[in-house]
Structure formats: structure tokens, C-alpha cells
Amino acid sequence: MTTDTDTSSTDDTASAGQPAADGGTGRRPGKTNPGYDDAGGAPGAAPHGGRPRPTGRRLAAWAAGLAGVLLLVLLPLLNISLPGVLPGPSYTPGSLQLLAMCMLMAAAALTYHLLLGVAGLLSFGHALYFGAGVYGLAIILQNLDIPLLPAMGLTLLIVIVLAHVVGSISLRVSGIPFAMVTLAFAQAGSVIVGRNPEGKTGGDEGLTLRTDNLPDFLVGVVNTRNLYWLALAVLVAVFVIVTWVQSSRAGHAAAAVRENELRVRVLGLQPYLVKLLIFVVSAVLVSVIGMVFLLLQSGAVPRSMSADLTITLLVMVVLGGVGSRWGAVIGGVFYTILDQRLTTLANSEAVKSLPDILRVPLSEPLFILGTLFVLVVLFLPGGITGTAERLALRRRRGNRGAGNGGTETPRDILEDAA
Amino acid sequence: MSTVVLLLFTGLGLGALYFLVAAGLSLIYGLMGVLNFAHGAFLTLGAFTGWEIARRTGSDNWGTFLLSLVIGAAAGAVFAAFTEFVLIRRLYQRHIEQVLVTVGLSLAAVALFDGIWGTDPVFIKGPAWFKDTTEILGARIPNDRFVCIIAAVMVLLALVFFLKKTRYGMIIRAGVENRSMVTALGIDVRKAFTLVFTIGGAAAGLGGVLASHYFGYVSPMLGGSLLIFAFIVTVIGGLGSLTGAAIAAVAVAVLQQFANFYLGGTGDFVVVLALALVLLFRPTGLLGRTS
Amino acid sequence: MSTPADHRATEAPPILRLEGLSASIAGQQVVEDVTFTVPATGITALLGRNGVGKTSTLKAIIGLIDRSGSVELDGERIEKEATFKIIRSGVGYVPEDREVFAKLTVAENLRLAERDAAPRRQLVEDLFPDLLARSAQMAGTLSGGQQQMVSLARALLNTNKILLVDEPTKGLAPKIVGEVAETLAEAARTVPILLVEQNLHVVRQLAEGAVVLSGGRVVHTGRARDFLDDADLIQRHLGVSADAAPAGKPAGNPVEKGAAL
């Protein structure tokens, strides 16, 4: 395509550069300009919204990630205090519990990233699968006398079937209707949990985890650090799997579907099946996270299947930066800690002594988080990672060509989802 | 027989509430492509405003009730207009981000309601006549059902009149079909956006006051729980179709009541099943655009 | 004879001047660095293969898609204005595929388009007596030709500085094509028109100037007749043989659209 730019005055080169597939569809006129293929990606090999990075930097990023994981592995053995972030030194169960929660939420946000950031699917029903993991495992452990791993396997089987059924129906529509339909299905799940059929789900009270068939090292406050390591393992595994899915053929196809469904159809791929695959993978992963969540919390609560949870995941992904894996992780950790700290703040004497007009909003963590979220969507479309990247880019360029010099991906991804 | 009639009227009353929420949702989505998660918050604000009016002016007379309807609708309308003007408009054409903003607003608003009015339901009393019953075909039907039904029918008629007979109504109908062509005729369609949001907010606020009487209480969760069924109603009715919303609202609510009674409390589940069936056989909804 | 001149001077200043106009849809560039002018009288044809950016150029002029570069209407820069303001400043737009409001009546379609204090209802009634008879009918139930009449009428109701007309004969029966062409010729006596048209008979019959796009850029400007008489140019830029544009024949034969490759 570069010949076009060189010899723009001669029409022959221009028409020769016209990709055959485009003229046939006739839907998006005039895609023949030079540079188009560079921006949109060649057919079948669309870049998944990522910035082309020099391999050196990518290697450095992986090395940093590995070092970070190593530090996290050692954390329960160390005595690190982060006042204002952690409730106590890093080896205490309270801190480990919070950190484990952060990692599970980060992992769950990653699975949501797979839906929204990769496949462009705005689902409001992701909690259904998280909740299916939580309640599925809890109910099976409660009622069947089988060990943990078979119980998890059985739960997984149920989730796979559920995700296929719901996914294949919901994906008949796309964009906003898809959001509404997934919400409706998740709501059905939430309602069933609330109704407490035959006393199986515990209704509003939830279920306490039955520990009879669990291995000892996962039970009790003294073993919090084992659960912490389990959560860390889940986060790392989910990160690796999501990375792998994204760079696989299916991941590329999903990104291509997100950008231009028609184009993919022309190439002979089935957008519907690609999206269903991503939907199911994401559901299965989040259900596993739900199972570990159950072990960590030693109980199932209705909130784990509510629309609120899905919205929380969505907020995490958007806060972190849509389309970025690290964004999802950072968003998940940031949100979980902030939520925890804001709850502490809300109950503090300092807030309680304020006049009503300040006390009421400050004593509602969700008010602050909701407002923060609105502000991020309005003013920081790239979320935390996007903004950091822009700032870094601006500094490197010495404030010259600032603004959206890089490919402004998060907004594009959101547009594709519509 | 009397049970069937009672269920039918209870369903119609609930359907009236669904319609009042869904009407605005459907018009907003149809015209602007915005899925408004804050719509439940409009309703809840209307309900609490109505409750405050009732609390301050002595709750059990008709004057108070009518006043609370008007003020509740006004509160919903003002909140909605503010939402469109301050948040939605800045993200013109960015539909997903518009959804995200309404999600954030809804989180913040519900939390604020929690902070102001508490998380527990507050109970409300209307005119004594509401709790009396009227006998129809042997069924003793609580009168508040009729109030909801009459109010929803009046709102429906007013909306139809507005859409069919006024220039702005015409602009909105045209915009639902093809928004960019409306601007290409030299019309500032953004004014219609604010208007549709305001109307939707007013209907939701009105619905909030009525819902508080129908259920007998107000809580910060009131809007959210009705909103989900209103979403289902708009999808089944066909996004952007007011008539579709009205038909689907009644169908969904009546189905829900009957399933709850005859199929052991499975109403919500049956409604989602109905949604799945509609999507399988008619993805655009009953009266949705086919394209 | 005024030409869509870029180099030569014209006797009157052009009504529309595009300079370096680029446009994109969903982040993908569909018009690139397009520069041409439209004279203040007569019909100028905008030609090119399918999908070359003709429709996008018209949409970019009135801001229906994201654009950059400069657009000057009657000496005023309009490229930063909102669509509805551009239209109000005197642009009539007749889109591809008519885009009538199917669920509105014919009368409502027309009423919606009225923006002048005194819209020219009489003129429209004279031009399209059919529409008057069908004013209470839903526009979606009209035939393609009738819908095109509604679409044209919506533009002709108002006083315009320019009309942008996009493929008005697309998919119409030969007889109707003739009627549409006559209406455009009639309209062109009072208002300049920028016309996108695949039917080269119609182009020959109506257009004085021609601007040819290829690959999102302008590759040829000049007199329409000169272009149509050059079989080689037609073959190269439109991808059709010169038979598609035989001289002297009346317009109306449905012509295969330019190389849907």
C-alpha cells in the first residue's frame, strides 16, 4: 500500500490498491486510502488494539511482572506495613485476606476484560457465572459427599452448559440489547438464589461453607496464607490464559469481529461462534474464581450473583483502562482497596462528626466510587493505565505532539462494542 | 374465577408501573441509543419526594396524593434533564460510555439515597380509599391497582398525543427512525434528546410515587428492581416502540402474576424464559424495527 | 461555461470550495485530502467507482461524519459547524437511498423539512402532484420513485445555496429516472447542484462539470462532456466501458453500476 502515498496522482496505483473484499461488500465506501490497512490491520491478522512495542520493552515488562509475582509469593513471609492501604503488617491474616480479595477481583476483572476489551461484548450478566461458581460449589459440597476437586469439576461442567445456553441466546443480539439481555438472565439467577428453593441457597442469608470434605490446609484463619497463595496462583493463571487467548487465532478473530464484523464474515469466519467461544471461556474462568472466592470467604452471599457484582467488574475494567490487561488488574486491586478504605473512612469518628451535607456523601463508599467512575469516563477515557501511558508519552516527546499521538484505543474499543 | 380476575388486575397494576418506567427507557434508547441505567434512580427519587410530601402534609388525603404525584414527576423530570444536559450530552454518539456514565450515576444516586433516607424501607399511606377493595366479577380488588392503571393509561394517551400531534413529537418519531437524517434536515436534534429524557424522567418519577403506594413502601432499591423488569419489557416490546412497551408491560406483568400464583412463585423465572423465547424467534422484539 | 476549476479562473466565485477534506468513519479514513470547487450555477457531477468516497464526501461536507480540512460555503467556513447549522445556512441534502421517514406520513416528512419562514409548498405541489394525493400515506409504503420525490421535495421546499444530491436514480425504473432527471434540471435553474450519479446517461444529460474520485482522492476535474467522451478515462476511473455513456441517447437506460469489484 505504500506505493499509493508515493504516486498519489496516478489513479492506476490507487485502484490497484483497492482490496477486492471491500468492493464486494460495498458497505464501507472508500476504504482504499493508503494507510488504511496499516490502521485497521490486514485481513485475518488484525492487531488486537495493542500498541506495537519493541520486543525489548515487552521483555522488560514480563521480567517486571515476574519479579512482582515473586514479591507477592514471599509477602506472607515478610513483615511489610503499608499504613492506609493494608489494615496491618503483610503477614497478618487481615492483610492477606484483603490482598487475596484484591487478586481474585483483579482476576475476575481480567475475565471481564476478555469480554469487553477483546470481544467488545458489554455484558451485564457476568456475575451469573461467578455466582454459579460460588453457589454451585457451595451447594455440591453441602449436599454431596465428594472431595473438593471432583466437586469443582462438577461445578465447572454445570457452568459450561449454562454459559453455552445463555451465550447462544444472548448473542443473537448485540450492542446495547445484548447488555440488557445478559442482565435479564443474570437477574433470573439472582432471583433463584434469593428465593431459596428447597432451602438449598440459603436465601438472603447465604450459605456457610461446609468444610467436611475440604483439605485441612484450606480451612481456618490460620491457613489464610494458603488461600492467599491460591488466589495469587489463580490470578497468575488467569492472566496467562487471557494473554494466550488474546494472542490465539480466536483472540485475533474476536478483535477483528469487534472492529468490523462484516469483514470477518467475508473472510469466512463465523463471528457468532468466535464471540460464543470468548463468552464461554470468560464465563468458565470467572466461575473458577468464584469457587476460590467461596473458599476464601468461607461462605456464599447473594451479592456474588447480583448485577452489582457485574457492575463492580465493569467499573474496575473501565477505571483501569479498557482494552488493557494490566488495566484490568490495576483496576481490580485499586477498586477493592479503595472500597475497603472508604468503608473504614465512613465509619470513622472524623466523618461522623461532620455536618450532614458532608457526612452523608462521605459515609457512602459507593457514592464516592460512583462519582469517581463518572469522572473517569468523562475525563480520563483511558482509565488509569491509559492516562499513565499518555503522560509517559507526553514526557518522552517533550510535550510536543502530545494529545492522542498514540492509538487512542479505549474509546475505539467502546465504540466497537456499541 | 375471582382469583383469575384478581391476578389480572394485580398484573395490570404492576404492568402500569413497568410501562411508566419502560416508556421513557424505550424512547430514550430509540432516539439516542442510550441504555439508561439511571432510570431507576429517577423513579426512586420520585418515590422519596412523594413520600416527603406525604409526610409533611398529612398523608391520607387526595390533595396530598395528587400533589405528591406532581412533585414526584417533577423531581424525576429535573433529575433526568440534569443527567442528559450535564453527563450524556458530553458523550454524544459514544453509546457505551453513555451507558457507563448512567451506571456510575445510578451507583452514586442509590448510595446517596441510602445515606439520606436509610437502607430500610419507609412505609407510606395514601388516602384510605386505596386500601379498600372494589368487587369485580366476585374478585375483591384493592383500589390502588386502579389508580396505577388509570395513571398509566393517561400517560400513554398523553404521550401518544404528544408524539402524533406536536412538532417535537414528530421530530422524536423521525429521530427514532433515523437520527442523522433529522439533523440533515436542519433540525437541532439535541433539544429533542433533552426533551425525551425529561419526559422519561417525569414518567419514571410518577411511576415512583405510584409504586410506593402499590408496594406500600419506598426504599433506595425500589427503582433498581423495577428497572430490570422494565429492561425486559423494552426488549420484548421492541426498543424504541411506545406501543410495544405498553403491550409488553402488561403481558410481562400479567404473566408474572399468573406464574407466581399457579406455578409456585416462578414468575420472575418465567418472564426471563419469555424473553429468551422472544429473542430466539423475534430478536427485534414484538414491535421492533426489523433491520 | 464555468468548470469546476481548480487552476483556471472562473467568472463567478464558487459556491462551495473543499480544500484538503479528509473524513473517517469509525476511525477508518474514507476520504483523503479532497480538493475541488463547485461553481455557483449548474450541475457538477461527482464521479468514481463504487466505494470510492463520493457519498462520504457529501456527508463530510455537512458534517454527518468526522472530517478535517476546509469547507467553504459561499465564502463562509463551515467545517466546524454542526450538521443542522450547515443545513440551515442553505444546504439541501438528498441522501443516497432517499432516507425518507418510513413511519411518518408524506405530509409529515415534508413538514419536518420546512425550515424557511415561507417554505415553497406550491412549488413542490406543482412539481410532484402525486405527493399531494398521497400526503396521508406512510412514506414507507411508497414506491422507490415516489420516495425519491419526497426526498427531493424535502430539499426543494427551502431556499438553498446548494443542493447535494446522492444517487437520485439508483434502483429506479427507466421512466422514473427520466422524471427525476427532469426535476433536477428544473431545480438547477435556480440552485447549483453537486450530484453523485452512477447513471452516465443522466450525467451526460445534466452535468456541466465533473469531479472524479479514485482511492479517496480527486483524480480528474473538468467539463463533464470532455470526460464522458474519453473512453480511456472512463475505463480507468470508473472501471466501465465507454458503452455505458454513449453520446446523444436519452437518459433512462438502467446502467450497470461502475465495476462493483
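Helix 6 of chain A is mostly covered, with 23 of its 26 residues buried. The model is predicted.

**Helix 6 of chain A**

- Helix 6 of chain A covers residues 93-118.
- From its first C-alpha to its last, this helix of chain A reaches 36 Å. That is close to the 38 Å expected at 1.5 Å a residue.
- Helix 6 of chain A is bent by about 35 degrees, and the bend sits at Tyr112(A).

**Where chain A meets chain B**

- In this contact, 37 residues of chain A face 36 residues of chain B.
- Five helices of chain A give two or more residues each to the side that touches chain B: helix 9 (175-195), helix 14 (307-320), helix 17 (356-362), helix 18 (365-379) and helix 20 (409-417).
- Helix 9 of chain A provides the largest share of that side, 13 residues.
- Sorted by class, the side of chain A that touches chain B holds 29 nonpolar residues, four polar and four charged.

**The sheet in chain C**

- Six strands of chain C form an open sheet in the order 6-7-8-3-9-10. The pairing is mixed.
- Strand 6 (91-94) and strand 10 (217-223) of chain C are the edge strands, each pairing on one side only.
- From one strand to the next, the twist averages 15 degrees.
- Helix 6 (residues 144-156) of chain C packs on the sheet. This helix of chain C touches strand 6 and strand 7 (162-166) of chain C. Its direction makes about 175 degrees with that of strand 6 of chain C.

**Pairs of strands in chain C**

- Strand 6 and strand 7 of chain C run parallel, joined by four bridges.
- Gly92(C) stands opposite Leu163(C), which belongs to strand 7 of chain C.
- Strand 6 of chain C is covered on both faces. Val91(C) and Tyr93(C) are buried on one side, and Gly92(C) and Val94(C) are buried on the other.
- Strand 3 (residues 43-48) and strand 9 (residues 209-214) of chain C also run parallel, with five bridges between them.
- Gly48(C) has Leu213(C), in strand 9 of chain C, as its bridge partner.

- Ser298(A) is not a glycine, yet its phi is positive, about 45 degrees.
- Ser298(A) sits in the loop between helix 13 (271-297) and strand 2 (299-300) of chain A.
- Ser298(A) counts as partly exposed because it has 17 C-beta neighbours inside 10 Å.
- Asp74(C) is another residue other than glycine with a positive phi, near 55 degrees.
- The loop between strand 4 (66-73) and strand 5 (76-77) of chain C holds Asp74(C).
- Asp74(C) is partly exposed because 15 other C-beta atoms lie within 10 Å.

**Leu286 of chain B**

- Leu286(B) belongs to the segment after helix 11 (267-281) of chain B.
- With 17 other C-beta atoms within 10 Å, Leu286(B) is partly exposed.
- Beyond residues up to four places away in sequence, Leu286(B) touches Ile236(B), Gly237(B), Gly238(B), Gly244(B), Ile247(B) and Ala248(B).
- Leu286(B) is 162 residues from Ile124(B) in sequence. In space the two are 36 Å apart, C-alpha to C-alpha.

Definitions and conventions: Residues numbered from 1 in each chain as written. Chains lettered and ligands numbered in written order. Predicted model: local features only at pLDDT ≥ 70, side-chain atom pairs only at ≥ 80, totals over all residues. Pairing = 2+ DSSP bridges. Axes fitted to C-alpha atoms, helices over the stretch in contact; angles between N-to-C directions. Contact = placed C-beta atoms within 7 Å. Nonpolar A, V, L, I, M, F, W, Y, C, P; charged D, E, K, R; others polar. Expected span 1.5 Å × (residues − 1). Bend = angle between axes of the 7 residues up to and from the residue. Buried ≥ 20, exposed ≤ 12 C-beta atoms within 10 Å, placed from the backbone.
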